[in-house]
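Visitor: Hi! Could you walk me through this one while I look at it?
Guide: Happy to, let's bring it up.

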Amino acid sequence: MIQIKPKIEQRSNCPYCGTELNPKNVLWHGIHIVLDSKCERCGSEIIDDLRVGHGVKNYIQVNLIKEEFFAADAYKKEWLGKPLLNSLQNPQPEKLEIVKEIFKHCNRVIILNCIDHLYGHSLLKLLNAQRHLECNSDYGLVVIVPKFLRWMVPDEVAEIWTVPISLKNGQNYYPSFAEFVEEETKRFDKIYVSEAHSHPSQFDITRFTRVPKHNFENKEIKITFIWREDRLLVNRLLFRVLKKIDQQAMSLRLQNLKIQQLFEKIRLQVPEAKFAVAGLGTKTKFPEWIEDYRVESFNEKIEKEICHLYSESRLIIGLHGSNMLLPSGHAGMTIDLIDERWGNFAQDILYQESDPRMATFRYRFLPYQTSNDTLAFIAAVMVLKWSKFKSQMTADVI
């Protein structure tokens with residue numbers, strides 16, 4: 001945690017001359033929390049990224065006057081630095097209608113900021129709440145969330161500030177948000193800001209969704225595929241060609257057919273299994289023996305209901321991405337199909353298993369090009385052999 005009241009703890013150096021910067025005040029940008037700082041030696045005025053959220057590992061500095069930004073490498077400059085500079089140069093005039101809920105009054109607080117421009121990032125930041133509730137109980141926890149995450153905030157927090165910033169606008173700077181937070185923070189004597197780690201390890205997803213995890217004692221075997229229409233289970237070159245000639249619909253039909261064939265091959269080996277698809281996009285149809293839970297958009301009611309489907313699923317299969325977070329957090333087992341994103345390995349999985357052998361069995365990572373024959377074989381082994389595998393590997397557990 002970083003203290004920002006009564007004094008700002010973070011210390012940084014000027015990107016020009018290396019002198020320690022003097023932070024003057026905190027600016028609540030939105031996705032970023034930044035310090036308005038000045039170099040006493042060369043006079044440079046620097047916007048200094050607070051080392052929380054992405055700033056923990058991807059630290060950014062901006063000079064608004066010279067329109068320059070600084071980061072450790074070109075990728076971080078393009079991903080975070082450029083959008084930060086652009087947003088500060090183009091503040092959004094819209095006055096946000098922020099909803100403030102106070103559950104208990106506290107003089108000392110930790111503020112957890114979950115605003116982001118990607119769904120998975122926002123959700124993963126929110127999971128930091130459990131660590132603070134358990135390890136920092138002498139401080140009240142104030143959670144700042146985008147509207148779509150309000151339903152997942154744990155009950156024990158001190159306050160919730162719900163901000164109507166959509167994902168597509170998540171990197172924008174709203175002065176009305178900054179003004180709201182600055183005014184509200186005057187109520188507190190001492191303030192720390194949560195690091196909001198991008199991949200927290202201490203959490204129980206049921207504390208957030210209020211939906212139980214999969215019960216392996218349930219005799220029903222349900223296998224669910226997580227559908228998406230922007231990242232497909234088809235050859236990438238073919239997808240690009242079809243997109244170029246405006247035939248994306250054919251790609252969706254091919255993905256639909258591949259999923260049907262995969263389920264048919266699994267059904268040959270696991271006749272009692274039931275099958276379902278869930279996710280975003282309804283442009284294709286599935287046969288009646290495959291339950292179809294896909295939607296055109298999510299809301300709180302739908303997300304709660306669909307988490308129950310994940311919980312009922314012995315196995316979830318899907319393409320790598322934030323679409324796998326809640327499914328993997330509730331389902332019994334997961335097969336994650338990865339395209340070129342091997343550098344982001346396991347970042348989309350909410351592990352429910354601490355034993356490394358159990359985790360290796362329950363969470364599999366395969367290339368998206370894996371044949372249906374191989375996928376079906378692995379899926380069948382997972383659902384049919386889990387109980388035996390667990391009993392063998394935990395026979396000595398007292």
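Guide: W342 sits in the loop between strand 16 (333-338) and helix 10 (356-362); helices (H or I, at least four residues) and strands (E, at least two) are DSSP runs numbered from the N terminus. This is a predicted model, where local features need pLDDT of at least 70 and side-chain atom pairs count only at pLDDT 80 or more, while totals for chains, interfaces and linings use all residues. Residues are numbered from 1 along each chain as its sequence is written, and side-chain values use heavy atoms, leaving out hydrogens and water.

Visitor: Is W342 partly exposed or buried?
Guide: W342 counts as partly exposed, because its relative accessibility is 39%. Buried means under 20% relative accessible area, exposed over 50%, and partly exposed in between (1.4 Å probe, protein chains only).

Visitor: Now the inside. Which residues touch the most other members of the largest nonpolar core?
Guide: L126 and M152, in a core of 44 residues. Such a core is a set of buried Ala, Val, Leu, Ile, Met, Phe, Trp, Tyr and Cys residues joined through side-chain atoms within 4.5 Å. The elements giving two or more residues to this core include helix 2 (119-126), helix 8 (300-312) and helix 9 (325-330).

Visitor: And what is M152 in contact with?
Guide: Leaving aside neighbours within four places in sequence, M152 is in contact with L123, L126, I205, F208, T209, R210 and L326. Contact means heavy atoms within 4.5 Å.
Guide: Another core, of 40 residues, lies apart from that one, with I33, V34, L50 and L80 among them.

Visitor: Back to helix 8, which of its residues are buried?
Guide: E303, I306, C307, L309, Y310 and S311. Their cover includes helix 2, helix 5 (206-209), strand 12 (222-227), strand 13, strand 15 (315-319) and helix 9.

Visitor: Which other residue has a positive phi?
Guide: A196, with phi near 50°. A196 is in the loop between strand 11 (190-193) and helix 5, and is buried, with a relative accessible area of 3%.

Visitor: Where is there a cis peptide bond?
Guide: Between K5 and P6, with omega about 15°. P6 is in the loop between strand 1 (2-5) and strand 2 (22-28).
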